[in-house]
Amino acid sequence: MDSPTFHAGELEAQRRAGVGDVAAAAAAAGFIRDRMPEQHRAFFASLPFLVIASGDETGQPWVSIMEGPEGFATSPNPRQLRLAASLDRADPLAATLAAGSEIGMLGIALASRRRNRLNGFIRPEGTGYVVHVHQSFGNCPQYIHAREWRRVEARQAPPARLSDRLQPSHKAWIAAADTLFIGSGVRAGGGRTAGGFDASHRGGEPGFVQVAKDGSLQIPDYPGNNFFNTIGNLVRDPRVGLLFVSFETGSLLQIAGRARIDWGAAGSDDPQARRMIRVAIDRVVERPGALSLRWRRDGLEALKMTVIDKVVESDAITSFHLAPREGGPLAPFQPGMHLPVALTDPGQAGPVRRSYSLSGSPTAEHYRISVKREDRGTVSRVLHDEIAVGDTIMTGRPAGAFQAPSSNSPLVLVSAGVGVTPMLSMLHAAVESGSGRPTRFVHGTRNRRSHAFAAEIDALIATGAPIERLVYYSAPEASDGPGVHFDKAGRITAADLISLNAGADADYMLCGPERFLADIHAGLTARGVDPGRIHFETFGPGG
C-alpha cells in the first residue's frame, strides 16, 4: 500500500534494507518537500545542464541530458521550473517531452559535487518546457567525481547508432566510466505525489559497473539516503534506463533494459556494495557528440597534502591536520564545507574517494578533517589504521553548500555524534569574527569517551563570546560528571531547543544521523519555526 510520500515498492525496499522507520521519519520531517526551497531554485537556475528521466510511449524509462545557455532554467515560483531548451529528435525522450509526461530530474554540479533532485510533470510551453514540481529533495556529495565544465561550438551531431546489445566499443566505454545516471519509474497518476519517474546518480571507480559474459550489466548499490527511490521503483517495474556520458567528447550512451535486484550483492568483491542491480539490455542508443558541454577532472582531486598532525579526539573520532606538501597558501573555505579525499586501498582497483567536513577554523594555516572510524568503512579504516604523520594524501578543493546564513541573527548549532565537525568550524568562525552574534551550541553524544572536542569547545566559550553550551549524554557513565562533562542526560529534543528562547529570527543548523535530523526538524516546524530557518546536513555510513 502506498503512503503519501513513498509508493509500495519503495516501502518494500526500505523494509528489506531495515531502514523503513528512518526513511519515513526523514520524509515526514520535510526532507522530501512538495516544493523547491529557495536554495534549490537558485541551484537549478545556475546549472548548464540537467539530467532527466521519463518513459517513452510504452512506459520504458530512458535517461538523457538537457543542456542550454546560462540561465536556461528559471524558477518563477517554488512549484515550477521553466526550461528554455529542447531535446534533439534523436533522443528517445524527445517525443515524450513534446507530449507532456511525468519526469524525474537531477541537478548536479560536478565541480562542487552538489546535487538536488525533483520529480514532477513536464509539459511543452512555447519553445521550451515547464516542470510542475511534486517532490523536491537534496542528496549528499558521496560518490560524485569532481569535474569542471566548458562549452565548445555546437555542431551537427552524427546520426545516432541503434542496437539491441552492447558493442565492443560500448563495453570499453562502460569499463572506463566512473559515473552513471539511472532512470526508473512507477506512474503516479491521479495527482498523487508518490510515484512518477526518478533520475539518480551513481558513481564509483572506473569499472565499478561491470559487463557480464552474457552482456548484462552489474551495478553496485552503495549506502545512500535510505529512501530507495530507484530500487523501490524497480521492485514495482523492472524496466530501467541508463546513461553513460563521455565527458571528453560530449557523446551519450543511452540504454534501456530490465533490472533484477540482488539484495545480498552475491559475488561482488566490492565491500561497499550493499545490493547489486543486474540489468539485461534491450536497446542501446549511441549518440556521438550529442552535447556541446565538455568536462575535465585534471587537478580537481590532485592537491597533495601532508599529514602534519594526527589527534585522537574520542574513542571513535580522529583528526587529521593537513598542509600543502609543496607549501603555499590553502584554498579558502567557508565553515560547513567538506574536503574531498582520495586514498589508495589494496582491496580496490583504484583510488577510493570520500568527503569529510572541515572541522577547524577557516582562518587556520592548515586544514583539519575529523573522521569517525566505521567498522565497514574503507577510507575511514585506512585513515585511522594506516595513515601517519608525514604521509601524503590527495584531496580536492573545499566544497559544499551547508553554511550558516550571513546575518547577525541568533545561531543555534545542533549536532549529534560526528555531526559536530561542521558545527565546530562554525563556532570558530563565530568567535573569530567578533560580530557578537548570539550562538547556542547544542551537542549530543553517548558519554565522555565518545565526546570529541570538549576542551576545544570550552576554550572557545571561555573567550567571552556570546555562546551558550548545552551538551547531552545519552548513556552517561559513573565517572561522567553532570554540570562538568555534560549538561543533561538523554537526547536532544526540539522542545529543548525551543526552550533556549533564541527567538523567531534564529537560524538552526542541524547535522547528524537522518533519524536525529528528522525528529528535530519535525519538532521545530510543529512548534512554529519557519522551515526556511532550519538548515541541515546528513551523514551516513559511507566510511
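## Aromatic pairs

In this predicted model, Y473 is buried, its relative accessible area being 0%, and F486 likewise counts as buried at 4% relative accessibility. The ring centres of Y473 and F486 lie 4.6 Å apart with their planes at 20°, and the pair is therefore classed as stacked. This pair links distant parts of the chain, since Y473 belongs to strand β26 (residues 467-473) whereas F486 sits in the loop between β26 and β27 (488-489), with 13 residues separating them.

Five aromatic pairs are found when the whole structure is searched. Another of them, formed by F333 and Y367, is edge-to-face, with 6.0 Å from centre to centre and 70° between the planes. Here too distant parts of the chain are linked: F333 lies in the loop between β19 and β20 (338-343), Y367 lies in strand β22, and the two are 34 residues apart. F333 counts as buried at 8% relative accessibility, and Y367 is buried with a relative accessible area of 1%. Elsewhere, ring pairs join F49, F247 and W295 into a cluster.

Strand β22, which carries Y367, belongs to an open sheet of six strands whose order is β21-β20-β23-β18-β19-β22 and whose pairing is antiparallel. The edges are taken by β21 (352-357) and β22 (367-372), and because each of these has a single partner strand, one side of each is left without a neighbour in the sheet. On average, and with direction ignored, neighbouring strands of this sheet are turned by 40° against each other.

Within the sheet, strand β18 (residues 303-312) pairs with strand β19 (residues 317-324) through seven bridges in the antiparallel sense. In this part of the structure, M305 stands opposite P324 of β19.

## Strands β24 and β25

A parallel pairing is seen between strand β24 (residues 411-416) and β25, which are joined by six bridges. L411 has T439 of β25 as its bridge partner.

Strand β25 (residues 439-445) has seven of its seven residues buried, and it is therefore largely enclosed by the rest of the structure. In a regular strand, side chains alternate between the two faces of the sheet. Both faces of β25 are covered, with T439, F441, H443 and T445 buried on one side and R440, V442 and G444 buried on the other.

D507 is found in strand β28 (residues 507-512) and counts as buried, its relative accessibility being 3%.

Once neighbours within four places in sequence are left aside, the residues in contact with D507 are P405, S407, S409, P410, L411, V412, R437, R533 and H535. One of these contacts, L411, is the residue whose bridge partner in β25 is T439.

D530 lies in the loop between α11 (514-526) and β29 (534-538). Whereas D507 is buried at 3% relative accessibility, D530 is partly exposed, with a relative accessible area of 44%. A polar atom of the D530 side chain lies 2.9 Å from the backbone nitrogen of G532. The C-alpha atoms of D530 and A506 are 9.4 Å apart in space, the two residues being 24 residues apart in sequence.

## Helix α5 and its packing

In helix α5 (residues 168-176), the buried residues are H170, W173 and I174. When viewed down the axis of α5, these buried residues fall within an arc of 95°, so they line one face of the helix. An α-helix has 3.6 residues a turn, so residues three or four places apart point the same way.

The buried residues of α5 pack against a series of strands, namely β12 (210-211), β13 (217-221), β14 (239-246), β15 (251-262) and β16 (275-287). On the face of α5 that is turned away from its buried side, the exposed residues are P168 and A176.

Methods:
Residues are numbered from 1 along each chain as its sequence is written. This is a predicted model: local features need pLDDT of at least 70, side-chain atom pairs count only at pLDDT 80 or more; totals for chains, interfaces and linings use all residues. Side-chain values use heavy atoms; hydrogens and water are left out. Helices (H or I, at least four residues) and strands (E, at least two) are DSSP runs, numbered from the N terminus. Buried means under 20% relative accessible area, exposed over 50%, partly exposed in between (1.4 Å probe, protein chains only). A polar contact is a pair of N or O atoms within 3.5 Å; within protein, one must be able to donate a hydrogen and the other to accept it, and residues adjacent in sequence count only if both atoms are side-chain atoms. Two strands pair if DSSP finds at least two bridges between them. Axes are lines fitted to C-alpha atoms, for helices over the stretch in contact, and angles run from 0 to 180 degrees between N-to-C directions. Contact means heavy atoms within 4.5 Å. The arc is that of the directions from the helix axis to the C-beta atoms. Rings of Phe, Tyr and Trp (its six-membered ring) pair if their centres lie within 6.5 Å; planes under 30 degrees apart count as stacked, over 60 as edge-to-face and the rest as tilted.
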